[in-house]
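Here is a short report on one protein chain. Please look over the sequence and the fold before reading on.

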Amino acid sequence: MGVRAVFLVGFMASGKTTVGQELAQRLGWDFVDLDAQIESREQQPIAEIFRDRGEHQFRLVEASALRDLMESLDRDTVVALGGGTFAQPGNRELLRPWPSVFLDTPLDDLWRRSREDEKRPLRKDDRTEFARLHEDRLPFYREATVTVVTSGKDPASLCVEIESRLHFGGRTEDAGSSEVPPGHSGTGESQ
């Protein structure tokens with residue numbers, strides 16, 4: 001069997017990293033946070049990339065990092081995408097062969113959680129602008145393979161729901177039947 005991957009999508013502060021780490025641990029898969037990978041690759045925090053180069057240049061860097069990640073997948077992996085990654089048409093097309101999970105989180109929760117993290121470059125202190133950005137991205141998030149509503153659920157219960165919805169059955173042998181897309185290679189081994 002080829003390498004398997006699942007991509008978590010959703011707005012800033014929806015819990016993609018937290019849930020992704022938990023899901024990867026439960027499945028015995030690797031975990032990658034695309035934003036962390038970008039920061040490592042660029043040797044600069046994302047907030048500084050936005051400030052110094054602007055959002056357009058950041059999106060180019062992000063798309064390049066995503067393509068590189070897709071080409072280098074050689075182990076079963078759970079990937080947490082940045083809040084705007086799935087809103088970009090080229091990225092959605094690249095991810096189409098793989099299962100994606102939209103973590104649908106109420107706006108009030110997103111607003112509250114994002115206030116606790118000052119490094120989010122598109123999080124402004126204007127709640128109306130925050131809500132507008134969320135509304136703009138919702139149609140793209142809803143194109144994900146599966147939508148999981150996060151309200152009132154802890155990461156463990158969200159993982160159980162994701163595993164069930166993607167027919168993982170709690171067994172890594174069955175987890176995600178997505179084979180490696182053409183042009184990818186992988187051992188299919190998990191750690």
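## How two helices meet

Axes are lines fitted to C-alpha atoms, for helices over the stretch in contact, and angles between their N-to-C directions run from 0 to 180 degrees. The structure shown is a predicted model. In it, the axes of helix α2 (residues 34–42) and helix α3 (residues 46–72) come within 10 Å. They cross at roughly 110°. Angles of 65 to 115 degrees count as roughly perpendicular. Helices α2 and α3 are therefore roughly perpendicular to each other.

Which residues of α2 and α3 make the contact? On the α2 side they are Leu34, Asp35, Gln37, Ile38, Glu39, Arg41 and Glu42. On the α3 side they are Ile46, Ile49, Arg53, Phe58, Val61, Glu62, Ser64, Ala65, Leu66, Asp68 and Leu69. The residues of this contact between α2 and α3 divide into 9 nonpolar, 2 polar and 7 charged.

Helix α1 covers residues 16–27, which makes 12 residues. The expected span is 1.5 Å times one less than the number of residues. For α1 that should come to 16 Å, and its end C-alpha atoms are 16 Å apart, so the two values agree.

The buried residues of α1 are Lys16, Val19, Gly20, Leu23, Ala24 and Leu27. They cover an arc of only 130° around the axis, which puts them on the same side of α1. What do the buried residues of α1 pack against? Their partners are the strands β1 (5–9), β2 (30–33), β3 (77–80) and β4 (100–104), along with helix α7 (155–165). After α1 comes Gly28. The phi of Gly28 is positive, near 75°.

## A residue in strand β4

Strand β4 is one of the elements that the buried residues of α1 pack against. Ser100 is found in this strand, β4. Is Ser100 buried or exposed? Buried means under 20% relative accessible area. Ser100 has 5% relative accessibility, so Ser100 counts as buried. Leaving out residues up to four places away in sequence, Ser100 touches Phe7, Phe86, Ala144, Thr145 and Val146.

## The chain as a whole

The protein chain has 7 helices and 5 strands. Read along the sequence, they follow the pattern β-α-β-α-α-β-α-β-α-α-β-α.

How much of the chain is buried? Of the 191 residues in the protein chain, 48% are buried. Contacts also reach along the sequence. Among those between residues at least 6 apart, 77% join residues at least 24 apart.

Terms used:
Residues numbered from 1 in each chain as written. Predicted model: local features only at pLDDT ≥ 70, side-chain atom pairs only at ≥ 80, totals over all residues. Heavy atoms only, no water. Helix = DSSP H or I, 4+ residues; strand = E, 2+ residues; numbered from the N terminus. Parallel < 35°, antiparallel > 145°, perpendicular 65-115°, else oblique. Contact = heavy atoms within 4.5 Å. Nonpolar A, V, L, I, M, F, W, Y, C, P; charged D, E, K, R; others polar. Buried < 20%, exposed > 50% of the residue type's maximum accessible area, 1.4 Å probe, protein only. Arc of directions from axis to C-beta.
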